[in-house]
Every structure is written in C-alpha cells, then in structure tokens.
Amino acid sequence: MARTSFRPFKGSLRSRRRVTDEELAALVQRITEAAQALISGDIEGYAARIKHAHDYTLMSPYGGDPVRGFDDSDGALNALAQFFRGGEAKVEVVETYTSGDLAVLVVIERQHGTIGDLPEQDWSLRVTWVFRRTADSDWELVHRHADALVHAIDHERLGALARGE
C-alpha cells in the first residue's frame, strides 16, 4: 500500500502578490547558475544560489522513495563535490506557473559532464522546480523532481524501468 500523509502548511500566509516576469527571469538565471555549479562540483556555488526549505522534498533522477529535507552538513556537501566532477549545463524553460507565493519552473537541464565514476556523457534531465517566496521576499526551493527521460524510450523499456530492471 502506498504511503500517504498530509502535512499541514507550517508557514505564515504572506501577501499574495503576483510573481513578476523579472522575478521569474531571476529564478531561471538562478537555477541555470545552480545547475552549472552542481555539475562542476562547485557545491558552495550551488548552495549560495539555492536555499532549501525546511520541508523540501526531492524526487531524484535515481528513483526510489522521495527524500525529505536537504543535508547541508560538511560531509554531505563534500560528498556531492566529489560526485559531480565537471561539465556544462544549460537550462531550457518548457513552462512556468505562478500563484501567490509559489513559482514552478518546468525545464530541461541540458548537461554534459562527468558524474561519479562514469566517463563524460550526456546527463540531461527533465526537471520541475517548485519555489516558495519567503517572508523576506527571497525564494526557497520546496520541491525538485528530475528524471533522465529527455530521450524518448519505448513501452518495453518503460516497463523494465517500472519493474526495477
């Protein structure tokens, strides 16, 4: 049986002002710079651009259960820096959605580089970023969902992935 849970919103309801085109453009620039920093192993640069909310969730391109929270300990950040060993990243915006203090960016991260012990290759991802405006009008990442299905696959391959093969 699937695990379901309801998590009530724990923040305060701020003014529901409209997200401006300038704010969206700044968020797109921020995630573009963050993607480049991450694939390059510049974890400090990534962390300087992306603030993770206390209730952050990640649906990783590696699959598995959703991850709750972001481990920003020195050990975890050092492990990320060792894992991402260099490359290039560009972001293509597919669509954006905004409502009140939320902004959703649906993008393709076109990436090429060296990750883990694999040789340099294409690491492009389909990514959904969900940001929430904070009380001081900054943006925090509340959810990221990524998958590597930028290149279409057939029904049989999808079935194999669904079976965990």
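Colleague: Why is serine 124 called buried?
Modeller: Its relative accessibility is 8%, and buried means under 20% relative accessible area, with exposed over 50% and partly exposed in between (1.4 Å probe, protein chains only). At 8%, serine 124 therefore counts as buried. Bear in mind that this is a predicted model, where local features need pLDDT of at least 70 and side-chain atom pairs count only at pLDDT 80 or more, while totals for chains, interfaces and linings use all residues. Residues are numbered from 1 along each chain as its sequence is written, and side-chain values use heavy atoms, with hydrogens and water left out.

Colleague: Where does serine 124 sit, and what is it in contact with?
Modeller: Serine 124 is in the loop between β5 and β6. Strands here are DSSP E runs of at least two residues and helices are H or I runs of at least four, numbered from the N terminus. Skipping neighbours within four places in sequence, serine 124 is in contact with residues including Glu109, Gln111 and Asp147, where contact means heavy atoms within 4.5 Å.

Colleague: What makes the link between serine 124 and aspartate 122 a polar contact?
Modeller: The two side chains come to 2.7 Å. The rule asks for a pair of N or O atoms within 3.5 Å; within protein, one must be able to donate a hydrogen and the other to accept it, and residues adjacent in sequence count only if both atoms are side-chain atoms.

Colleague: What makes glutamate 23 and arginine 133 a salt bridge?
Modeller: Their side chains meet at 2.7 Å, N to O. A salt bridge needs a side-chain nitrogen of Lys or Arg within 4 Å of a carboxyl oxygen of Asp or Glu, so 2.7 Å passes. Glutamate 23 is in helix α1 (residues 21–39) and arginine 133 in strand β6, so the pair ties together parts that are 110 residues apart in sequence. By this rule the count comes to eleven salt bridges.

Colleague: Are glutamate 23 and arginine 133 buried or exposed?
Modeller: Buried: glutamate 23 has a relative accessible area of 14%, and arginine 133 has 2%.

Colleague: Why is leucine 161 called partly exposed?
Modeller: Leucine 161 has a relative accessible area of 38%, which lies between the 20% and 50% cut-offs, so partly exposed is the label. Leucine 161 is found in helix α4 (residues 155–162).

Colleague: What makes a nonpolar patch of Leu149, Ile153, Leu158 and Leu161?
Modeller: Patch residues have over 30% relative accessible area and no salt bridge; like charges are joined within 9 Å, nonpolar side chains (Val, Leu, Ile, Met, Phe, Trp, Tyr) within 5 Å. Together the four have about 300 Å² of accessible area, from the Shrake-Rupley method with a 1.4 Å probe; for residues, only the protein chains shown count as cover.
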